[in-house]
Amino acid sequence: MAYDRNNVFARILRGEIPCRKVYEDEWALAFHDINPLAPVHVLVIPKGEYVSMADFTANAPAEAVAGLFRAVGKVAEILGVVESGYRILANHGANAHQEVPHLHVHLFAGAPLGPMLK
Ligand code: 5GP
């Protein structure tokens with residue numbers, strides 16, 4: 001699937017749509033989900049143009065992959081949820097109900113979580 005430069009997260013990255021930013025570095029941007037499914041629900045996205053986890057793991061340089069996952073760890077620290085616990089999840093494709101075609105890692109925290117979210 002070709003990357004759609006007008007998807008909502010591409011527009012957030014370009015500053016065309018506002019977001020509640022949690023963290024940003026050269027590799028990633030993290031912001032609160034507009035429709036939270038847990039007391040803490042943050043999305044961490046790579047700055048490169050990657051549709052999904054499959055696109056990212058196949059095509060991103062190693063430092064971009066490391067950068068995204070280091071950013072997830074930093075977000076957990078910033079939110080103060082390392083001790084209490086958190087869950088990360090990335091939906092890929094139709095069966096997983098991926099809605100936005102720019103890779104995003106969900107981070108859920110803030111309460112005991114059920115066995116599945118989303
Ligand atoms: P997916 O189902 O693709 O894994 O999740 C997409 C997520 O993006 C959903 O949890 C949805 O609430 C969130 N989302 C969609 N549009 C926006 C937006 O404009 N701003 C923010 N902050 N989150 C969004």
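View 1. Strands and helices here are DSSP runs numbered from the N terminus, with at least two residues (E) for a strand and at least four (H or I) for a helix. S3 and S5 are antiparallel and pair over five bridges, where pairing requires that DSSP finds at least two bridges between the two strands. S3 is mostly covered, since six of its seven residues are buried; a residue counts as buried if 20 or more other C-beta atoms lie within 10 Å of its own, as exposed if 12 or fewer do, and as partly exposed in between, with C-beta atoms placed from the backbone. This is a predicted model, in which local features need pLDDT of at least 70 and side-chain atom pairs count only at pLDDT 80 or more, while totals for chains, interfaces and linings use all residues. Residues are numbered from 1 along each chain as its sequence is written.

**View 2. Strand S2 pairs with S1 and with S3.** S1 and S2 run antiparallel and are joined by three bridges, and the two strands form a hairpin with three residues between them. Within this pair, Tyr 23 has Ala 30 of S2 as its bridge partner, and Ala 30 also stands opposite Val 44 in S3. S2 and S3 are antiparallel as well, with five bridges, and Ala 28 has Pro 46 of S3 as its bridge partner. Four of the five residues of S2 are buried, so this strand is largely enclosed by the rest of the structure.

**View 3. Helix H3 covers residues 62–79.** The 18 residues of H3 reach 26 Å from the first C-alpha to the last, close to the expected 26 Å, a span defined as 1.5 Å times one less than the number of residues. Leu 68, Ala 71, Val 75 and Ala 76 are the buried residues of H3. Seen down the axis of H3, these buried residues fall within an arc of 140°, so they line one face of the helix; the arc is that of the directions from the helix axis to the C-beta atoms. An α-helix has 3.6 residues a turn, so residues three or four places apart point the same way. On the other side of H3, the exposed residues are Ala 62, Glu 63, Ala 66, Gly 73 and Glu 77. The cover over the buried residues includes strands S1 (21–24), S2 (28–32), S3 (40–46), S4 (86–89) and S5 (105–109). After H3 comes Gly 80, which has a positive phi near 70°.

**View 4. Leu 103 lies in the loop between S4 and S5.** Leu 103 counts as buried because 25 C-beta neighbours lie inside 10 Å. Apart from neighbours within four places in sequence, the contacts of Leu 103 include Ile 45, Pro 46, Tyr 50, Phe 56 and Ala 90, where contact means that two C-beta atoms, placed from the backbone, lie within 7 Å.

**View 5. The ligand is surrounded by 13 residues.** The closest of these residues are Ile 34, Asn 35, Asn 91, Glu 99 and Val 100, and a residue is near the ligand if its C-beta atom, placed from the backbone, lies within 6 Å of it. By class, the shell has seven nonpolar, four polar and two charged residues.

Definitions and conventions: Nonpolar A, V, L, I, M, F, W, Y, C, P; charged D, E, K, R; others polar.
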